[in-house]
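Biologist: Hi! Could you walk me through this model?
Modeller: Happy to, here it comes.
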Amino acid sequence: MITSNRRITGLAVGVIAELLEEIGPLWQERHQARLTSRPRKRAVGAGAKHRLVFVDRLLATLVHLRHGVTHDVLACWFGVDRSTITRAVGEVRPLLAERGCTVSPDVRLRTLADVVDHLGASGTTGIIDGTEIRVRRPAAGRKDRDKFISGKDKQNAVKSMVVTDAEGRVLWCSPARPASCADITQARQLGLVRLLADGPAVEILADAGYQGLGAQTGGRVVTPPHREFKKNAPDWYEEMYERQRKAHSSRRIRVEHGIAHLKNWRALARYLGRREHMSDTVQAVVGLLSHQQTADLTSTRQR
């Protein structure tokens, strides 16, 4: 029932089969490495066997990411102990996070440099924007507690920078960091300025939060027009400004659609787990969504 209904896992049956073929051997390899890395009194393979096979471990992780189902509920669903589900999610989630974003069956984007090179090679426009994910409030007395408070939403959150193409397909998402960081600061710290200045000629659309990057990248980052008149602007200027602003917004809106697709996964709507696992969760969901988008696009072209 789980694999036959895309609404449960968020992925088509064919995509799940590809995931099994890709990360199944990696999980088995790491599992065997853990068994042989510590002193043993019995041979490897002795003792009780797994009650949760790898396909069920993968499905439990997908359901957890898609719908935010608690480990207790998943344990009842799969007929195992809660600790078994917790261990399974902790093992599968990093494997999903390492996959990167799938833009075609033979192309994976794992770093921001890969994204810039891909945009330059394909001649497509990229769009960037920051998104915030609510997290639990850090414990009292923690030194960096205030860093998680978002100045925009006035809530405890982490922030990631999302990159999509002109059609809204997710190409990459940065690791999560405390939400007090400004969008433009995060872009600079990720090395976007250096990559655009030294890399291929590409066009990156951004909102007003990234104003200033255009001058630093030779105009490769395009932001909304800067308002020259603060007060008493002439009518002709107001008309021109609104026309330019709406034209830019109509092109940039696709990144908002891409972020909306990410937020359909409950793990990114509000994260209730440990904050140190947040980056793996973001990378895993982005990789899964990009894989499904690529599969849907390939299927559409074949019709």
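Biologist: How do the axes of helix α3 and helix α4 cross, and within what distance do they come?
Modeller: The axes of α3 (residues 54-67) and α4 (residues 71-78) cross at roughly 140° and come within 11 Å. Axes here are lines fitted to C-alpha atoms, for helices over the stretch in contact, with angles from 0 to 180 degrees between N-to-C directions. Helices are DSSP runs (H or I, at least four residues), numbered from the N terminus. This is a predicted model, where local features need pLDDT of at least 70 and side-chain atom pairs 80 or more, while totals for chains, interfaces and linings use all residues. Residues are numbered from 1 along each chain as its sequence is written, and side-chain values use heavy atoms, leaving out hydrogens and water.
Biologist: Thanks! Which residues make the contact?
Modeller: On α3 they are Asp-56, Leu-59, Ala-60, Val-63 and His-64, and on α4 His-71, Leu-74, Trp-77 and Phe-78. Contact means heavy atoms within 4.5 Å.
Biologist: Is His-71 buried or exposed?
Modeller: His-71 counts as buried, at 16% relative accessibility. The cut-offs are under 20% relative accessible area for buried and over 50% for exposed, with partly exposed in between (1.4 Å probe, protein chains only).
Biologist: And what does His-71 touch?
Modeller: Leaving aside residues up to four places away in sequence, His-71 touches His-64, Arg-82, Ile-85, Thr-86 and Val-89.
Biologist: Changing topic: how many aromatic pairs are there?
Modeller: The count comes to two. Rings of Phe, Tyr and Trp (its six-membered ring) pair if their centres lie within 6.5 Å; planes under 30 degrees apart are stacked, over 60 edge-to-face, and the rest tilted. The rings of Trp-27 and Phe-54 have centres 5.4 Å apart and planes at 35°, so that pair is tilted. Trp-27 sits in α2 and Phe-54 in α3, 27 residues apart, so the pair links distant parts of the chain. Both Trp-27 and Phe-54 are buried.
Biologist: What about the rings of Trp-77 and Phe-78?
Modeller: Their centres are 5.9 Å apart with planes at 35°, so this pair is tilted. Trp-77 is partly exposed at 38%, whereas Phe-78 is buried at 16%.
Biologist: Last one: which residues does Glu-22 touch?
Modeller: Glu-22, in helix α2 (residues 13-36), touches Arg-99 and Arg-108, not counting residues up to four places away in sequence. A polar contact of 3.0 Å joins the side chains of Glu-22 and Arg-108. That term means a pair of N or O atoms within 3.5 Å; within protein, one must be able to donate a hydrogen and the other to accept it, and residues adjacent in sequence count only if both atoms are side-chain atoms.

How values were computed: Helix = DSSP H or I, 4+ residues; strand = E, 2+ residues; numbered from the N terminus.
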